[in-house]
Structure formats: structure tokens, C-alpha cells
Amino acid sequence: MSRSITVDEVAAAPDSGGTDYINATKGVWSWLTTVDHKRIGIMYLVSVLTAFALGGFFALLLRLELLTPKHTIMSADTYNQAFTLHGVVMVFLFIIPSIPGALGNFFLPIMIGAKDVAFPRLNLLSLYLYWIGAIFALSSILSSGLDTGWTFYVPYSSTTNTAVVNVTLGAFVLGFSSILTGLNFIVTLHKLRAPGVGWFKMPLFLWGLYATSIVQILATPVLGITLLLLVFERTLHIGIFDPALGGDPVLFQHFFWFYSHPAVYIMILPGMGIISELIAVHAHRKVFGYKAIAFSSVAIALVGFLVWGHHMFVAGQSELASTIFSFLTFLVAIPSGVKVFNWIGTLWGGSISFKAPMLFALSFLFLFTIGGLTGVFLGMLSVDMHLHDTYFVVAHFHYVMMGGTVTAFVGGLHHWWPKMTGRMYSEKLAVLSCALYFIGFNATFFTQFLMGSRGMPRRYYNYLDQFQPLHAFSTFGSWILGAAFLVMLYNLLNSLKNGERAPKNPWGGLSLEWETASPPVTENFVHVPHVEHGPYDYAATVARRAS
Amino acid sequence: MSAPAEIVEGQPSAERGSPQFEVAHHFDSADTQFDAGRMGVWLFLVTEILLFGGLFCTFAVFRSWYFEDFVEAHHHLNKVMGGANTLVLIGSSLTMALAVRAAQMTDKKQTTRMLVITLLCAATFLVVKYFEYSAKFEHGLLPGAYFHGEGFQGTHAGVFFAIYFLMTGVHGLHVLIGMGLITWMLIRNLRGDFSSRYYAPVENVGLYWHLVDLVWIYLFPLLYLVG
């Protein structure tokens with residue numbers, strides 16, 4: 001395989017600024033064997049969006065089932081499998097690989113003026129591992145399904161008759177994919193920055209990805225060994241987690257959350273990075289507190305390793321441990337708050353253009369703040385006793401993961417779409433989809449805060465009649481949300497065919513990706529870029545152009 | 001593990017060292033490429049340590065819970081075989097280091113010799129491990145539900161043997177993968193790929209091999225010796 005890549009690449013290398021990366025070589029095979037980070041990014045994009053559509057389909061089914069207190073469209077067992085698959089697909093196949101795999105792969109090398117990531121073939125291997133892991137995980141749909149919830153808690157997961165082994169092995173392989181991407185990004189950022197691109201001249205998106213990569217490398221291996229232990233527990237009854245054999249189910253929770261809590265920062269940190277870009281570029285203003293934003297990403301990544309116990313306040317953890325974990329959980333709010341205030345500070349006095357990416361960024365600020373602050377409620381021991389395992393938790397993490405990460409992801413997708421595809425989408429439809437998204441999202445999930453605080457437990461198939469109005473409202477909201485994504489999909493796909501040709505720099509950004517063609521050539525830049533200004537030096541650049 | 005492979009083949013460049021070595025198109029120099037590869041391997045080793053870290057943590061938890069049972073069970077491990085294997089593995093780390101040194105000095109014969117000895121040590125380790133495992137199987141010293149060893153006072157020896165088989169099993173798998181990598185280095189060395197200008201793959205496989213050795217150096221006293 002390696003030989004053919006080399007030959008392909010040599011043949012494709014543009015001697016002038018000629019062909020863009022999309023048309024450099026033709027055919028499916030040239031994509032499947034490519035080592036071009038941009039093509040790998042595009043393949044990731046298509047893959048994660050497919051996963052998102054699948055996970056979203058399950059979500060709509062769930063909401064439809066919950067429209068009435070009793071049976072609506074599916075049986076209780078099917079419901080258990082649907083919410084499990086919604087969680088597994090969204091977490092492992094969509095949100096973790098989404099921003100690093102798609103936008104990170106595409107833009108990280110370009111933003112530092114490099115020709116590719118440090119290990120291009122390892123990058124392709126990550127994508128293949130993602131596909132293999134996805135096939136493993138999704139094979140469960142065709143066999144006996146999975147009904148453990150995405151957390152695979154023992155002892156249920158070691159006794160249920162559903163396809164736990166398939167899915168855990170899938171998640172194990174997906175973990176490798178995630179680790180290799182993180183490793184690749186760290187080495188690339190350390191070794192391949194173009195002359196003049198110092199650490200503090202990198203766009204803040206890259207600081208987000210750097211912090212993410214650290215978490216990917218340090219946390220994912222622990223998930224790997226945990227899932228392996230679970231597989232052995234099921235197949236060989238080794239007795240590590242099974243209390244009947246002397247094992248400890250709470251140990252599984254510790255191991256699982258040692259990865260899975262840091263993993264929520266794998267999900268949100270790249271999103272925060274995107275928001276820094278969107279706000280600075282569309283407000284045409286130097287980022288307020290560059291270093292504060294950069295270091296708060298790293299701080300979140302590090303503190304995030306010490307808070308996993310807040311998932312186990314009611315799991316029989318010692319009071320002392322719970323108190324310490326509760327305190328450490330509050331600490332996460334500090335760097336998160338630093339970011340939010342710095343973004344608002346950046347908007348202050350900027351010349352803001354309210355294009356679709358900016359509207360998504362503003363939605364993010366609103367939704368993420370709600371999501372973040374309700375996290376403080378849940379980190380508080382006494383309050384969590386009441387809210388644990390209710391819809392309040394569901395609403396909280398959807399506000400962070402969807403209101404935060406997904407909003408940032410689609411905002412970034414609109415922001416960089418012209419660069420990636422060379423086409424402009426319809427601004428009107430983009431604004432419409434953003435408005436529908438914002439309304440639909442809040443209708444769906446804000447009601448869940450209300451239900452949760454009134455005691456509606458999560459994952460229940462039936463519920464008391466008193467919750468029906470709120471459940472129905474939430475379901476209607478999910479339809480608006482679904483409509484928002486259909487409009488978005490139509491708009492983006494339509495732009496590929498009918499969109500105007502995108503200029504080099506449609507938003508007036510100053511980071512390096514806006515200095516190359518839209519879409520970029522295979523080698524990213526015709527000449528190695530010479531960096532004269534920082535990515536956000538708007539005032540200085542305007543002054544220079546005037547003189 | 002794949003990191004060394006990255007470096008091997010790349011796009012043509014003006015700079016040529018060993019016959020097979022060309023600086024990949026996206027690196028500005030051979031030094032950057034070498035540094036990047038080595039950094040990638042170090043990061044990979046960090047993930048390995050965390051993977052084993054999970055198992056060490058499991059060991060620590062259950063040892064403190066079932067201390068008496070663990071002490072009793074650990075007497076059933078063969079200290080002589082374990083000790084011999086420790087010496088074999090430490091020796092192989094030395095020969096691996098010497099192989100890297102020889103590759104740096106463009107001493108092809110010595111590199112081959114040292115790699116072959118390393119490979120033989122690794123094979124010896126696995127053969128000894130095989131005899132240890134068969135003895136455990138024979139006496140019913142098996143993980144969890146399958147444990148049926150006789151004459152045990154405690155009731156949790158099964159957990160000890162679950163951890164024993166998991167840790168030594170995952171480690172043994174790493175030895176096996178290491179043997180594959182060393183064989184690959186051997187073939188490339190015989191092909192004449194390495195010289196003082198290009199020896200990164202040997203060094204990187206060496207780093208991996210030292211980690212495999214290091215994990216065993218912690219495994220051996222924890223499982224076999226401390227009571």
C-alpha cells in the first residue's frame with residue numbers, strides 16, 4: 001500500500017499552484033489510499049455526519065416514544081436499545097472524533113503552515129480504525145442489540161444477553177483511533193510549525209486541539225484496559241467486577257469515569273477552540289486574553305483528570321472522597337468562566353458581522369453557559385442527591401455536549417465550508433437553520449431541566465401522567481431541531497452544486513488558512529508561508545494596509 | 001509502534017543517505033523527521049504505561065482487600081522461573097541497546113548479531129512462560145470462576161490468578177509484538193537500510209523493547225516476591 005501512495009503523491013504534486021486537493025487525483029481508490037490530511041479530514045467529516053444522522057434518528061424515535069406516558073411506538077426493550085445506541089453512536093462515533101477528526105485534520109497543518117501532519121499514514125490508519133470500530137459497534141444492531149446504556153455499567157453488562165462484547169471491542173478499537181489522532185496532532189504542533197509560528201502565534205483552535213490531544217493520550221488507554229477487562233469478565237468470568245466472585249462493580253465505575261469524564265473535555269475543548277476563531281474573525285478584533293484562553297484549555301484538560309468521582313456521589317463512595325471530588329469539580333468552572341468572559345471581552349468594541357458562523361458562536365455562548373452552570377449544581381453534593389439520574393442530568397450534558405460542542409461544530413463547519421469546498425452556501429438558509437436550531441434545542445432540552453428538578457428519572461420508558469405536557473413539549477422541540485438539520489443539510493449540499501465560487505478569504509480572517517486558495521492545493525501552500533503577523537492582529541493589519 | 005514505519009519511506013528529496021532513506025516531503029530536514037518519530041514513540045509509550053497502569057491499579061485494590069489470600073496465592077508462582085525470565089529480559093534489553101549502538105556506528109554485522117540475541121532472549125522468555133502457564137493449568141490455578149486449586153485457605157485466590165494471567169498475558173502479547181518488530185528490524189538491517197545517518201527505526205523499536213522489559217521488572221517482584 002505504502003508504495004502506491006508514494007507514487008500517487010509524487011504524480012499529484014502540483015508543480016505550480018495548479019490543482020486543488022479535491023481534483024488532484026480521481027477515483028474512490030485515490031481517496032481510500034490518500035495520505036493528504038485534507039482528504040482524510042473530508043472522509044472523517046462524511047463519516048461523523050453519517051453517524052450523527054444515525055444517532056439523531058434514534059433520538060427522534062426516543063422522543064416520539066416519550067410523547068405519551070405509556071407505549072407509543074416501541075416496546076420497552078426496544079426503547080432500552082434505542083437509548084443505548086443513541087448514546088453509543090453519538091459519543092463514540094460522532095462527538096469524540098467529530099471536531100478533531102474532521103476540522104482538526106483539515107485545518108491543523110494548514111494553520112501552522114505545514115504540508116501535512118507529522119505521520120500521514122498513521123493518520124489514515126486512524127480513519128480506518130474508526131471505520132473498523134464503527135462496524136464492530138454497529139454490528140450489534142444486526143445481532144442482539146445492546147441495552148446497557150452507553151456506560152456499560154456492571155453487573156448488568158456482564159449478565160445481559162445483548163451484544164456487549166461487539167460494542168466494547170468496537171469502542172476499544174475506536175480508542176486506538178482516538179489515541180493515534182491525538183499523538184499525531186501533538187507531534188505535528190511541536191515539530192512542524194512553519195518559521196515564525198511560535199506557540200503564542202497559533203490560532204486558539206490549535207490550543208484547544210492540543211489540550212484535547214493530551215487528554216486523548218492520557219485517558220483513552222485506561223478505557224481500553226477497562227473494556228478489555230469487561231470483555232474478559234463476560235467471556236471468562238474472571239471475577240474482577242463480578243461481586244459473586246469477589247469482584248467490585250464500583251471499581252468498574254472508577255475506571256470507566258477515569259476515562260469518560262476527561263472524555264467530555266475531549267468533546268468540548270475543540271469546540272471551545274472553534275468558538276475562539278469564530279468570535280475573533282467575525283468581530284474582526286484581536287482576541288481578548290489570548291494566553292488566558294490558551295492556558296485555560298490546558299487547565300481544563302489537567303483538572304478534568306481529577307474529577308471523575310462526581311459521577312459516583314450516590315454509588316457508595318466514601319464521604320471524604322465525594323467532598324474532594326465535589327471541590328475539584330467546582331475548580332473546572334474557573335477556566336471555563338475565564339474563557340466565556342474572554343470571548344465576551346473580545347466582542348466588546350469589535351466590528352461584528354452577524355454572519356451564520358457568528359450566530360452559531362453566540363448561540364454557543366448562551367447554551368454553554370447554561371450547560372456549564374448547571375454542572376455546578378450537579379457537582380454540589382447535597383443538590384446532586386436530588387438530581388442524580390434525573391432528566392436534569394440529561395438536560396445538563398445535552399446543553400454542554402450538543403449546545404456546546406455540536407453548536408461549535410456546525411458553526412465551524414459553516415465558517416470553514418468555503419475553504420474546504422470552494423463554494424459559498426446560502427446565507428439566508430444558514431441563518432434560518434441557526435434560528436430553528438436555537439429554538440428547537442431550547443424547546444427540547446430546557447423542559448428537561450424542569451422535569452428533572454421535579455423528579456423525572458432518566459432512561460424510564462413509562463412515566464407519571466403529570467410529566468406529559470413537558471415531555472410532549474420536548475418532543476415537539478426535537479422535531480424543530482430535526483428540521484433545522486434538514487435545512488442545514490440541504491443548504492450545504494446544494495452549495496456544492498449551485499453555490500457561488502468562494503473567494504480566498506470570505507470573512508477577512510488573518511490566520512494562515514485564509515492565505516491559501518479555496519479549496520487549497522494538495523501541498524496546502526504554493527510557497528512555505530512567511531508569517532508576519534499574529535492570527536488576530538486586526539488593528540495592526542488595518543493600519544499597515546492604510547499606510 | 002507505527003511511528004518508525006512513518007519515517008521509512010517518503011517522497012524523493014535531494015538529500016540521500018542510506019539507499020532506502022529519503023526525508024519525507026513534509027519535514028524540513030532529516031533531524032526534524034528523526035525527532036518527530038522519536039517523540040511519537042515516546043508518546044505511544046506513555047499510552048502503554050497508562051494501559052498497564054489500569055492493571056497495576058486493579059492489583060493494588062484487590063491486594064489491599066484480600067491481602068491474606070493474595071499472600072497465600074503468590075506462593076504458588078514459580079519464583080525460579082520468574083527470576084530466570086527477569087534475567088533473560090534484562091539481558092535482552094542490554095543487547096537491544098548494543099544493537100542500537102551498532103546501527104549508529106554503521107556496524108551491520110554487530111547489529112545483526114545483537115538483534116538475533118535479543119530475539120532469542122525474547123523467545124526463551126515465552127518458552128519459560130509457556131511452562132509456567134501449563135503448570136498453573138494443571139493445578140487448576142485459573143482465573144475467577146474457573147479456579148479449582150486445592151488446599152487454599154482463602155476464597156479469593158481466583159481473583160489473584162485472574163490478575164496474574166491478565167498482567168502476564170498482556171505483557172506476553174507485548175513480547176510477541178516486540179519479536180515481530182525486532183524481526184522486521186533484522187530484515188531491514190540485512191537489506192542494508194541502516195547507517196549512522198539513518199537508524200531511527202532501530203532506536204524506536206529499542207525504546208519499545210525497553211518498556212516491555214521495564215513493565216516486567218515491576219511485574220515480577222509485585223506478583224512473585226512481595227508477600
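A salt bridge is a side-chain nitrogen of Lys or Arg within 4 Å of a carboxyl oxygen of Asp or Glu. The exercises below use that cut-off on a predicted model.

**Exercise 1. Work out which residues of chain B are linked in a network of salt bridges, and where they lie.**

Step 1. Take B:Arg38 and B:Asp35. Their side chains meet at 3.8 Å, N to O, and this value is within the 4 Å limit.

Step 2. An α-helix has 3.6 residues a turn, so residues three or four places apart point the same way.

Step 3. Take B:Arg38 again, now with B:Glu203. Here the salt bridge is 3.2 Å, N to O. The pair links distant parts of the chain, since B:Glu203 belongs to helix α7 of chain B and B:Arg38 to α2, 165 residues apart.

Step 4. Join the two pairs. B:Arg38 takes part in both, and the network consists of B:Asp35, B:Arg38 and B:Glu203.

Step 5. Classify the members by accessibility. B:Glu203 has a relative accessible area of 14%, so it is buried, under the 20% cut-off. B:Arg38 is partly exposed at 29%, and B:Asp35 is also partly exposed at 29%.

**Exercise 2. Find what the salt bridge between A:Asp537 and A:Lys286 ties together.**

Step 1. Check the distance: the side chains meet at 2.8 Å, N to O.

Step 2. Locate the ends. A:Asp537 is in the loop between α16 (468-498) and α17 (538-546) of chain A, and A:Lys286 is in the loop between α9 (249-283) and α10 (290-303), so the bridge ties together parts that are 251 residues apart in sequence.

Step 3. Over all chains, the structure holds eight salt bridges.

**Exercise 3. Describe the interface between chain B and chain A: how many residues are in contact, and how many salt bridges are there?**

Step 1. Count the residues: 40 of chain B are in contact with 41 of chain A. The two chains bury about 3500 Å² between them, and 73% of that is on carbon and sulfur atoms.

Step 2. Count the polar links. There are zero salt bridges between the chains, but five residue pairs are in polar contact.

Step 3. Assign the chain B side to elements. Helices α1 (3-8), α2 (30-65) and α6 (157-190) each supply at least two residues, and the largest share, 19 residues, comes from α2(B). By type, the chain B side divides into 23 nonpolar, 14 polar and three charged residues.

Step 4. Inspect one residue. B:His26 sits in the loop between α1 and α2 of chain B. With a relative accessible area of 8%, B:His26 is buried. A polar atom of the B:His26 side chain lies 3.2 Å from the backbone oxygen of A:Val117. Among the residues that B:His26 touches are also A:Lys115, A:Asp116 and A:Leu192.

**Exercise 4. Summarise the fold of chain B and state which residues of α3 are buried.**

Step 1. List the elements: chain B has seven helices and zero strands.

Step 2. The C-alpha atoms fill a box of roughly 70 × 30 × 25 Å along the principal axes.

Step 3. Examine burial. Buried residues make up 56% of the 227 residues in chain B. In α3 (residues 67-74), the buried residues are B:Asp69, B:Phe70, B:Glu72, B:Ala73 and B:His74.

Step 4. Identify the cover over these residues of α3(B): it includes α2, α4 (79-104), α6 and α7 (200-225) of chain B.

Definitions and conventions
Residues numbered from 1 in each chain as written. Chains lettered and ligands numbered in written order. Predicted model: local features only at pLDDT ≥ 70, side-chain atom pairs only at ≥ 80, totals over all residues. Heavy atoms only, no water. Contact = heavy atoms within 4.5 Å. Buried area = accessible area lost by both parts, 1.4 Å probe. Polar contact = N/O pair within 3.5 Å; in protein donor to acceptor, adjacent residues only side chain to side chain. Helix = DSSP H or I, 4+ residues; strand = E, 2+ residues; numbered from the N terminus. Nonpolar A, V, L, I, M, F, W, Y, C, P; charged D, E, K, R; others polar. Buried < 20%, exposed > 50% of the residue type's maximum accessible area, 1.4 Å probe, protein only.
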